[in-house]
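Take a look at the sequence and the model shown here. This short report walks through some of its packing.

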Amino acid sequence: MPPNSSTTARGLTYAGILPFAAGLAGQVFAPEAAPWREWTAAYGAVIAAFIAGIHWAVHLFFGDKAPVNLLISSNVLALAAWGALLLPAGPGPFRLLVLVFLALVLIDRRLYRAELIPDWFYRLRLQASAAVSLCLLGMAVAVM
């Protein structure tokens, strides 16, 4: 990996947390100004599917060493994220998305322990997943 790629990945990841924080702030401070719930849930589903796609790529390159069947787990979690969009309005979609993000980071933990993803990436995923999960939990409370 080129030397500045991890720096770029970190910057893009942290920037990717901003829509979750903006959705939560909008829902708390100006709930009628925009469809914050729908936007935040949709963005969460997209990002969860993106991370599931990373797992798919790990499988393509290291599938024989992977501690879980990443093709199955990535598809199940991407579908669960999409399923969150089908739930009725309220805290349910955000609770489900939190579970999806936690499952994704648990898979990352297994991939890290199997030495299939680098330390910097695993730490980044932990930080981002914590921030995203807190925002989603905040949304679940805010929409009750």
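## The nonpolar core

This is a predicted model. Its largest nonpolar core has 35 residues. Phe94, Phe101, Leu104, Leu111 and Leu136 have the most contacts inside this core. Five helices each supply at least two of the core residues: α1 (5-29), α2 (36-62), α3 (70-84), α4 (92-113) and α5 (119-142). The largest share comes from α5, with ten residues. In soluble globular proteins, nonpolar side chains tend to be buried together.

Now zoom in on Phe101. Setting aside residues up to four places away in sequence, Phe101 touches Phe20, Gly44, Ile47, Ala48, Ile51, Ser129, Val132, Ser133 and Leu136.

## A buried aspartate

Asp108 lies in helix α4. Is Asp108 buried or exposed? Its relative accessibility is 1%, so Asp108 counts as buried; the cut-off for buried is under 20%. Beyond its neighbours within four places in sequence, Asp108 is in contact with His55, Ile117, Tyr122 and Arg125.

## How α2 meets α3

Two packed helices are described by the angle between their axes and the distance between the axes. For α2 and α3, the angle is about 175° and the axes are 9 Å apart. Angles over 145 degrees count as roughly antiparallel. The helices α2 and α3 are therefore roughly antiparallel to each other.

Which residues meet? From α2 come Ala45, Ala48, Ala49, Ala52, His55, Trp56, Val58 and His59. From α3 come Leu70, Leu71, Ser74, Asn75, Ala78, Ala81 and Trp82. By class, this contact has eleven nonpolar, four polar and no charged residues.

Technical notes: Residues are numbered from 1 along each chain as its sequence is written. This is a predicted model: local features need pLDDT of at least 70, side-chain atom pairs count only at pLDDT 80 or more; totals for chains, interfaces and linings use all residues. Side-chain values use heavy atoms; hydrogens and water are left out. A nonpolar core is a set of buried Ala, Val, Leu, Ile, Met, Phe, Trp, Tyr and Cys residues joined through side-chain atoms within 4.5 Å. Buried means under 20% relative accessible area, exposed over 50%, partly exposed in between (1.4 Å probe, protein chains only). Helices (H or I, at least four residues) and strands (E, at least two) are DSSP runs, numbered from the N terminus. Contact means heavy atoms within 4.5 Å. Axes are lines fitted to C-alpha atoms, for helices over the stretch in contact, and angles run from 0 to 180 degrees between N-to-C directions. Angles under 35 degrees count as roughly parallel, over 145 as roughly antiparallel, 65 to 115 as roughly perpendicular and the rest as oblique. Ala, Val, Leu, Ile, Met, Phe, Trp, Tyr, Cys and Pro count as nonpolar, Asp, Glu, Lys and Arg as charged, and the others, Gly among them, as polar.
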